[in-house]
Amino acid sequence: LIESINTIWALVGKYSYTSRAIFECSGKKTDFKKAILFMENFNSKTKNPKANSSFVTTYPALIYYNGWGNVDENKTLAINLFKKNLNAKSPNKISLAYLAWDSYKNNDKKMAGNYLKKINEKLYSKWESFKHFSNDVEAEEDLLKGVIKNYLDDWFKNPELVKTLNIYG
């Protein structure tokens with residue numbers, strides 16, 4: 001399983017100790033479509049596969065929402081996957097952030113606020129700024145963009161790649 005996860009991370013350009021070497025040896029080539037297939041396969045190999053795990057919901061949803069690499073943008077599929085992740089024991093915070101972002105972009109401030117509230121309830125002090133979600137449109141947009149950017153920077157640990165990705169759909 002460890003070999004599988006490092007292969008998946010290398011395919012999306014995510015750095016960990018081993019995946020970075022694999023990614024660099026591949027000429028820094030990504031294959032997001034293959035990564036999604038590998039994520040599904042990885043989940044099926046686990047002792048108790050979960051239909052709402054991040055490997056089959058959140059991570060593919062990020063790719064579909066933003067249309068990364070060789071995968072066509074599909075916001076409808078992505079939103080459904082993010083929502084499916086909400087049923088996990090510990091929903092991924094980026095699922096909530098993208099659901100808030102999508103609601104905000106679709107002028108559904110109430111729903112965006114509800115997702116942000118869920119993040120506040122579940123997560124740590126670094127997300128304290130959500131308590132200040134206001135009616136100031138520019139502040140809300142900057143806040144959500146900051147959350148998404150910070151998460152992806154932290155998750156990929158590959159600033160060179162993140163700079164090249166569409167991360168706001």
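**Helix contacts and overall make-up**

In this predicted model, N6, W9 and A10 of α1 are in contact with T18, S19, I22 and F23 of α2, where contact means heavy atoms within 4.5 Å and helices are DSSP runs (H or I, at least four residues) numbered from the N terminus. By class, the residues of this contact comprise 4 nonpolar, 3 polar and no charged, with Ala, Val, Leu, Ile, Met, Phe, Trp, Tyr, Cys and Pro counted as nonpolar, Asp, Glu, Lys and Arg as charged, and the others, Gly among them, as polar. Residues are numbered from 1 along each chain as its sequence is written, and side-chain values use heavy atoms, with hydrogens and water left out. Local features need pLDDT of at least 70 and side-chain atom pairs count only at pLDDT 80 or more, whereas totals for chains, interfaces and linings use all residues.

**Packing of α1 and α2**

- Helix α1 (residues 2-12) and helix α2 (residues 17-25) have axes that come within 8 Å and cross at roughly 50°, the axes being lines fitted to C-alpha atoms over the stretch in contact, with angles from 0 to 180 degrees between N-to-C directions.
- That angle makes α1 oblique to α2, since angles under 35 degrees count as roughly parallel, over 145 as roughly antiparallel, 65 to 115 as roughly perpendicular and the rest as oblique.
- The crossing of α1 and α2 is right-handed, meaning that the near helix is turned clockwise from the far one by less than a right angle.
- E24, which lies in helix α2, has its C-alpha atom 8.4 Å from that of A10, 14 residues away along the chain.
- Because its relative accessibility is 37%, E24 counts as partly exposed, a class between buried (under 20% relative accessible area) and exposed (over 50%), with a 1.4 Å probe and protein chains only.

**Packing of α4 and α5**

- Helix α4 (residues 58-66) packs against helix α5 (residues 75-85) at an angle of about 155°, with the axes 8 Å apart.
- The two helices α4 and α5 are therefore roughly antiparallel to each other, and their crossing is left-handed.
- On the α4 side, T58, P60, A61, L62, Y64 and Y65 meet K75, L77, A78, I79, L81, F82 and N85 of α5, a contact with 10 nonpolar, 2 polar and 1 charged residues.

**The chain as a whole**

- The chain has 9 helices and 0 strands, and 45% of its 169 residues are buried.
- Of the contacts between residues at least 6 apart in sequence, 52% join residues at least 24 apart.
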